[in-house]
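Open the structure in your viewer and keep the sequence panel beside it.

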Amino acid sequence: MKAEVQYNDYIGNAAADMTDFDSLRIQAYMKEKGIDEARYEFIGISFYASGDSERVSFSFICRDKEDGSVKDIGFEKDQTVDEFLRFFKRFNVILGLRHRYEELEKVDSTETIYIDDREEETNV
């Protein structure tokens with residue numbers, strides 16, 4: 001599977017660490033939402049957001065134990081970024097311009113430069 005949007009101007013990768021009780025948290029969420037865990041085995045998660053909307057969505061990518069196919073199980077109710085991020089201890093996404101992504105893939109690490117953009121305190 002590969003993430004795609006309309007134009008794929010940016011492409012990249014993602015990595016995440018499980019929370020200490022990740023598998024239990026995902027299993028509990030799936031059960032709460034009515035997903036038949038005896039039939040559908042969790043193998044991944046998909047996240048989608050649009051810059052012109054506050055609505056986000058995520059879905060569980062599951063193996064159907066009955067026929068071996070892979071299903072994307074989504075939800076009708078609007079979801080929140082916070083709801084999604086609760087599944088993870090740490091979450092990192094790197095995106096690069098599509099026409100320069102090969103250059104980005106060759107970089108092992110970078111030096112981070114921080115800009116002090118905090119508002120100055122005023123003494124009264």
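Begin by colouring this predicted model by confidence: the chain has an average pLDDT of 90, and 96% of the residues score at least 70. If you then compare the elements, confidence is lowest in H1, with a mean of 82, and highest in S4, where the mean is 97.

Next, select S2, S3 and S4, which form an open sheet of three strands in the order S2-S3-S4, with antiparallel pairing. Strand S2 (40–49) and S4 are the edge strands, since each of them pairs on one side only. Neighbouring strands in this sheet are turned against each other by 25° on average, when direction is ignored. Zoom in on S3 and S4, whose antiparallel pairing runs over four bridges, and look for Cys-62, which stands opposite Lys-71 in S4.

**The nonpolar core**

Now show the side chains of Ile-35, Phe-58, Phe-60 and Phe-87, which touch the most other members among the 13 residues of the largest nonpolar core. Helix H1 (22–32) and strand S3 (56–64) are the elements that give two or more residues to this core. In soluble globular proteins, nonpolar side chains tend to be buried together.

Stay with Phe-58 and display its surroundings: leaving aside neighbours within four places in sequence, Phe-58 is in contact with residues including Tyr-29, Ile-45, Phe-47, Phe-75, Gln-79, Phe-84 and Phe-87.

**Two loop residues**

From there, move to Gln-79, in the loop between strand S4 (70–73) and helix H2 (81–85). Is Gln-79 buried or exposed? Gln-79 counts as buried because its relative accessible area is 4%, and the cut-off for buried is under 20%. Not counting residues up to four places away in sequence, Gln-79 touches Tyr-29, Val-56, Ser-57 and Phe-58.

For the last stop, select Arg-98, which is placed in the loop between strand S5 (88–97) and helix H3 (101–105). Arg-98 is partly exposed, with a relative accessibility of 46%. Which residues does Arg-98 touch, not counting those up to four places away in sequence? They are Tyr-7, Asn-8, Asp-9, Tyr-10 and Ile-11. To finish, draw a distance line from Arg-98 to Asp-36: the two are 62 residues apart in sequence, and 38 Å apart in space from C-alpha to C-alpha.

Methods. Residues numbered from 1 in each chain as written. Predicted model: local features only at pLDDT ≥ 70, side-chain atom pairs only at ≥ 80, totals over all residues. Heavy atoms only, no water. Core = buried A, V, L, I, M, F, W, Y, C linked by side-chain atoms within 4.5 Å. Buried < 20%, exposed > 50% of the residue type's maximum accessible area, 1.4 Å probe, protein only. Contact = heavy atoms within 4.5 Å. pLDDT = per-residue confidence, 0-100. Pairing = 2+ DSSP bridges. Axes fitted to C-alpha atoms, helices over the stretch in contact; angles between N-to-C directions.
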